[in-house]
Amino acid sequence: MMPRQYQTPLFTKLKEHAAKNPIQFHIPGHKKGHGMDPEFRDFIGPNALSIDLINIAPLDDLHHPHGVIQEAQELAAEAFGADYTFFSVQGTSGAIMTMVMSVCTPGDKIIVPRNVHKSVLSAIILAGGHPVFVHPAMDDQLGIAHGVTARDVEKALRAHPDAKAVLLINPTYYGIAGNLAEIVDLVHRWDIPVLVDEAHGIHTHFHERLPMSAMQAGADMAATSMHKLGGSLTQSSVLNVKGKRINPNRVQSIISMLTTTSTSYLLLASLDTGRRFLATQGHAQFERALRLADEARKRINEIPGIVCVGREILGSDATYDMDETKLTIHLKHLGITGYEAEKWLRENWNIEVELSDLYNILCLITPGDSEETISLLVEGLQDLSRHFYSPDRKNGGPIRLPDIPELAVSPRDAFYAETVAVPLEESVGRIIAEFIMIYPPGIPVLLPGERITQQNIDYIREHLEVGLPVQGPEDPDIRMVRVIR
């Protein structure tokens, strides 16, 4: 580890500036907390408020970094194996939108998995791009989506040789990774960039037992969520760039277009120190987190009716590797949904899980955990099993996906078109102007610009009947949908 990685140029400069106690005649108007609600001030504390500052000259400017922010970003690029790293105070969504908009211009095709985050689709709408969708591999046992395979990406590239980029999710929310290096090599034969939504994988770069990071796999860009698993504050993220296919100056201008000019120095300082934490302690910290996760997985798998999945599910192209700090807990014989389990654990054990779906709950083990938190989780799950386990109850079953509909007009044109609301039952053949998503597995059934089929309508109705959350349309009951006039 290079001694440079122990430095925090931005955070150190902020502390020095606050120590001088300057007389401030600039925003924020609370002026170190003196001019704000006292209860909030006392709760947040003077240290945080003293560095809640704006881009005055000594502190550099995220929009034109040339001082301590530039130094902090250069250290981050070194830590992540990137040529350039850009700090984002607009979350990973802002980094993802920058990524898409830096390679996609109006009319350009971009190959994306069907289960992409909505920020990808927002960026495609803003850029005027045309998405070419690839279905992720589905897991019938768990009822969740994994990644896309090299074979399916190649099929899309052969069908659309004019595509300008390929976007991949690695690892998935549930911690499953495809063979990223293989797909990157494949896409680079077409000489187009690979963009990676690495929201759930910032830590992968720092431990050999975790899946390969996007930069290690040779990807061109990766939106990597420091705040999720890297120890920075919520809403702070990084965008890593590598290689010759991406123009860093264009990336800087686009991230600037999408970013507030009042950039939060609390968020920026937490990125600077989060990078130090990962670069200098990441390996040891995730060694410990993995050990705790191993122990949790072993103990959870002894509980009747519950399965915590491990490396036994690997072995296909879509399930090449996994992040074992993510505990996907499958409620095999409990006869309740993941949503019900989430609610029960909250009300009875004061435990909050990361997500729940039809058959599973997901719990994250991080450097913030201890033997004590693991034991509480295991005890909570033992109690859940005592209440609901019955060997004849069965959770699971195949999740069918409707075919990907025809994209009749670009998502942008549909989004901005004149629309009219029609009953869902009578919408066959019309072009939808809004999103319809179903969780699980979180894959859009319909996106703006797609032509509605009877199969789509039946699929939505089936999910509504079993009480699954259907999201997206203006009408919360999904009786009416907005279509192009």
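Residues are numbered from 1 along each chain as its sequence is written, and side-chain values use heavy atoms, with hydrogens and water left out. In this predicted model, local features need pLDDT of at least 70 and side-chain atom pairs count only at pLDDT 80 or more, while totals for chains, interfaces and linings use all residues.

We may start with the sheet. Four strands form an open sheet in the order E11-E13-E15-E14, with antiparallel pairing. Helices (H or I, at least four residues) and strands (E, at least two) are DSSP runs numbered from the N terminus, and two strands pair if DSSP finds at least two bridges between them. Strand E11 (307–308) and strand E14 (355–356) are the edge strands, each pairing on one side only. Strand E13 (residues 326–330) and strand E15 (residues 360–364) are joined in the antiparallel sense by five bridges. Thr-328 has Leu-362 in E15 as its bridge partner. Helix H11 (residues 265–300) packs on the sheet and touches E11 and E13, where contact means heavy atoms within 4.5 Å. The direction of H11 makes about 10° with that of E13; axes are lines fitted to C-alpha atoms, for helices over the stretch in contact, and angles run from 0 to 180 degrees between N-to-C directions.

H11 also packs with helix H1 (residues 9–19), at an angle of about 130° and with the axes 7 Å apart. H1 is therefore oblique to H11: angles under 35 degrees count as roughly parallel, over 145 as roughly antiparallel, 65 to 115 as roughly perpendicular and the rest as oblique. On the H1 side the contact is made by Pro-9, Leu-10, Phe-11 and Leu-14, and on the H11 side by Tyr-265, Leu-268, Ala-269, Asp-272, Thr-273 and Arg-275. By class, this contact has seven nonpolar, one polar and two charged residues. Here Ala, Val, Leu, Ile, Met, Phe, Trp, Tyr, Cys and Pro count as nonpolar, Asp, Glu, Lys and Arg as charged, and the others, Gly among them, as polar.

On a 1 Å grid over the protein atoms alone, a pocket is an open set of points with protein on both sides within 12 Å along at least five of seven lines, a cavity is a set where a 1.4 Å probe fits but cannot get out, and lining residues have an atom within 4 Å of a point. Grid points are joined across faces, edges and corners, and a volume is the space filled by probe spheres set on the points. Of the 34 residues lining the largest pocket, Asn-115, His-117, Tyr-173, Tyr-439 and Gly-442 lie nearest its centre. H5 gives the most to this lining, with four residues. The lining of the largest pocket comprises 15 nonpolar, 14 polar and five charged residues.

The second largest pocket holds about 260 Å³ of space. Its lining has 13 residues, with Ile-351, Glu-352, Asp-369, Thr-373 and Leu-377 closest to the centre. E15 and helix H13 (371–388) each give two or more residues to this lining, and H13 has the largest share, with four. Nine of the lining residues of the second largest pocket are nonpolar, one is polar and three are charged.

There are also four cavities of 30 Å³ or more, and the largest cavity contains about 90 Å³ of space.
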